[in-house]
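Trainee: I would like to go through the terms used for this model and see what each one rests on.
Mentor: Then ask about the terms, and we will set each value against its cut-off.

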Amino acid sequence: MNALGINQGTSGNISARHGRAMLISPSAVPYEAMTAAQVATMPIAGEYGAWKGKLPPSTEWRLHLDIMRGRPDVGAVVHSHPTFATALAITRRAIPACHYMIAAFGGAEVRCAPYATFGTKELSDHALAALEGRNACLLANHGAVVCAPTLARALWLAVELETIARQYYYSLVIGGPVILSDAAVAETARKLGAYGLKETPEAA
C-alpha cells in the first residue's frame, strides 16, 4: 500500500478471507518489516475478537471482521489513509459521479460514513451502512475503506478510489465537476461487468 501511494508509515490495515478465518495485518508493524508469521488469524463466525498469532491484530479488526461477517461476497478489505480521499473525508463529502469509473464502486457515488473513534464497533457499523450496495466508502475525518472478492481487486480499487478522489478535488478547485447521470453510470457498470474475468473470494 505504501509503494502504491495510498498509505504511509504504519497506518492503514489489510485483511483477507481464508476459509472460515480472516487473516489481518498486525498492529503497529511497518509494512516493510512485516513477515507472514506476524499476520494474525481471526475466526469469522467464531468468538468475536478471538485471535491467534505472534502479534495482536490491527486495532481496526472490528471494521474488517464486521465487513467479512456482513458481506459474504467480500474476500479482502483494504483500509488506508490516502491523501486526497482523506481530505474529502475531512470535509465529510461523498465522491459523486465526476468520472465514469465511479461505477467500479457499485453506484453513482462513494458515500462518506459518519465519524466515530477508530477501532470501535460504532465505526464499523457506520462503514457497513455506507457500504450497502457499494465496495468502497470514505470514513469521516479518517480515511477510506475498500472491499472486493480478492485482495488484488481490493488493492486495485483502493488505488482507483484515490485517483478519483484526486480528480474530484482538483475539479472543485477549478469550478466544480459536471456530474454524470445515473443512466450514464449504469451503462458504464454494465460495460465494466463484461470486462475481464469474474472473481470469487479467495480460499472461501
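Trainee: Which residues of α2 are buried in this predicted model?
Mentor: In α2, the buried residues are Phe84, Ala85, Thr86, Leu88 and Ala89. Buried is a matter of relative accessible area, which has to be under 20%.

Trainee: What covers the buried residues of α2?
Mentor: The cover includes the strands β5, β6 and β7, together with helix α4. To count as a contact, heavy atoms must lie within 4.5 Å.

Trainee: Which residues meet where α2 packs on α4?
Mentor: From α2 they are Thr83, Phe84, Ala85 and Leu88. On the α4 side they are Glu162, Ala165, Arg166, Tyr168, Tyr169, Tyr170 and Leu172.

Trainee: What makes Leu172 partly exposed?
Mentor: Leu172, in helix α4, has a relative accessible area of 31%. Buried would need under 20% and exposed over 50%, so Leu172 is partly exposed. Apart from neighbours within four places in sequence, Leu172 is in contact with Leu88, Arg93 and Pro177.

Trainee: How do you know that the buried residues of α3 are on the same side of the helix?
Mentor: The buried residues of α3 (residues 121-130) are Leu123, Ser124, Ala127 and Ala130. They cover an arc of only 125° around the axis, which puts them on the same side of α3. These buried residues pack against α1 (61-70), β5 (112-113) and β6 (136-139).

Trainee: Why are α1 and α3 called oblique?
Mentor: Their packing angle is about 40°, with the axes 8 Å apart. Under 35 degrees the pair would be roughly parallel; at about 40°, α1 and α3 are therefore oblique to each other. The crossing is right-handed. Arg62, Leu63, Asp66 and Ile67 of α1 make the contact with Lys121, Ser124, Ala127 and Leu128 of α3.

Trainee: What makes Ala97 buried?
Mentor: Ala97, in the loop between α2 and β5, has 1% relative accessibility. The cut-off is under 20%, so Ala97 counts as buried. Leaving aside neighbours within four places in sequence, Ala97 is in contact with Ile102, Ala108, Val178, Ile179, Leu180 and Val185. Val185 is 88 residues from Ala97 along the chain, while their C-alpha atoms are separated by 7.4 Å.

Trainee: How many disulfides does the structure hold?
Mentor: The structure holds 0 disulfides. A pair of cysteine sulfur atoms would have to be within 2.5 Å. The sulfur of Cys98 is 15 Å from the closest cysteine sulfur, in Cys112, which is too far for a bond. For Cys147, the nearest cysteine sulfur is that of Cys137, 8.0 Å away, and Cys147 is in no disulfide. Cys147 counts as buried, at 1% relative accessibility.

Trainee: Where is Asn141 found, and what makes it partly exposed?
Mentor: Asn141 is in the loop between β6 and β7 (143-148). Its relative accessible area is 36%, between 20% and 50%, so Asn141 is partly exposed. Asn141 also has a positive phi, near 55°. Just after α2, Arg92 takes a positive phi of about 60°.

How values were computed
Residues are numbered from 1 along each chain as its sequence is written. This is a predicted model: local features need pLDDT of at least 70, side-chain atom pairs count only at pLDDT 80 or more; totals for chains, interfaces and linings use all residues. Side-chain values use heavy atoms; hydrogens and water are left out. Buried means under 20% relative accessible area, exposed over 50%, partly exposed in between (1.4 Å probe, protein chains only). Helices (H or I, at least four residues) and strands (E, at least two) are DSSP runs, numbered from the N terminus. The arc is that of the directions from the helix axis to the C-beta atoms. Axes are lines fitted to C-alpha atoms, for helices over the stretch in contact, and angles run from 0 to 180 degrees between N-to-C directions. Angles under 35 degrees count as roughly parallel, over 145 as roughly antiparallel, 65 to 115 as roughly perpendicular and the rest as oblique. A crossing is left-handed if the near helix is turned anticlockwise from the far one by less than a right angle, and right-handed if clockwise.
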